[in-house]
Amino acid sequence: MKSYHGNLGAGISGIVLRKHGEPKPGRNEVVIRVRAASLNARELMILAGQYSLPVKSDVVLLADGAGEVVEIGDGVTRVKLGDRVLVWGASGGLGS
């Protein structure tokens with residue numbers, strides 16, 4: 001798996017691509033194969049050093065994206081394998 005990371009004030013050129021092991025879903029979690037992603041206003045403010053709330057170092061930059069469900073954890077009832085979904089906002093909203 002790959003993910004894009006950034007730091008407060010690092011700018012667009014400070015975005016770093018990192019490789020990770022394949023994730024496993026926990027209870028009430030799903031794994032989504034991301035097919036499309038965007039930098040939203042919050043992430044651009046973080047990169048510009050203009051975000052007013054605390055930001056973790058090396059934060060994953062993916063508040064908005066779309067893809068498909070590839071694994072489902074125990075307790076998940078709203079989606080099934082293969083469902084196309086979108087994820088939006090820092091709160092982790094999920095729509096199908």
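Modeller: Let us begin with the words for burial: a residue is buried when its relative accessible area is under 20%, exposed when that area is over 50%, and partly exposed in between, using a 1.4 Å probe and counting protein chains only. Aspartate 58, with 27% relative accessibility, therefore counts as partly exposed. In the chain of 96 residues, buried residues make up 24%.

Colleague: Where in the chain is confidence lowest, and where is it highest?

Modeller: Confidence is lowest in strand β7, residues 93-95, where the mean is 50, and highest in strand β2, residues 16-19, where it is 96. Where pLDDT is low, the predicted coordinates should not be read in detail.

Colleague: How many helices and strands are there in the chain?

Modeller: The chain has one helix and seven strands, where helices (H or I, at least four residues) and strands (E, at least two) are DSSP runs numbered from the N terminus. Followed along the sequence, these elements give the pattern β-β-β-α-β-β-β-β. The C-alpha trace spans about 40 × 25 × 20 Å along its principal axes.

Colleague: Is serine 3 buried or exposed, and which residues is it in contact with?

Modeller: Serine 3 sits in strand β1, residues 2-6, and with 10% relative accessibility it counts as buried. If we set aside its neighbours within four places in sequence, serine 3 is in contact (heavy atoms within 4.5 Å) with Val16, Leu17, Arg18, His20 and Val60. With histidine 20 there is also a side-chain to side-chain polar contact at 2.6 Å; such a contact is a pair of N or O atoms within 3.5 Å, where within protein one must be able to donate a hydrogen and the other to accept it, and residues adjacent in sequence count only if both atoms are side-chain atoms.

Colleague: How many salt bridges does the structure hold?

Modeller: Side chains of opposite charge can pair when their charged atoms come close. The structure holds four salt bridges, each being a side-chain nitrogen of Lys or Arg within 4 Å of a carboxyl oxygen of Asp or Glu. In one of them, arginine 18 meets aspartate 58 at 3.0 Å, N to O. Arginine 18 belongs to strand β2 and aspartate 58 to the loop between α1 and β4, so this pair ties together parts that are 40 residues apart in sequence.

Colleague: Which parts does the salt bridge of lysine 24 and glutamate 71 tie together?

Modeller: The side chains of lysine 24 and glutamate 71 meet at 3.8 Å, N to O. Lysine 24 lies in the loop between β2 and β3 and glutamate 71 in strand β5, so the pair ties together parts 47 residues apart in sequence. Lysine 24 is exposed at 63% relative accessibility, whereas glutamate 71 is partly exposed at 27%.

Colleague: How far apart are the closest N and O atoms of arginine 35 and glutamate 68?

Modeller: In that salt bridge they are 3.3 Å apart. Arginine 35 is in strand β3 and glutamate 68 in strand β5, so the pair ties together parts 33 residues apart in sequence. Arginine 35 is exposed, at 57% relative accessible area, and glutamate 68 is partly exposed, at 24%.

Terms used. Residues numbered from 1 in each chain as written. Predicted model: local features only at pLDDT ≥ 70, side-chain atom pairs only at ≥ 80, totals over all residues. Heavy atoms only, no water. pLDDT = per-residue confidence, 0-100.
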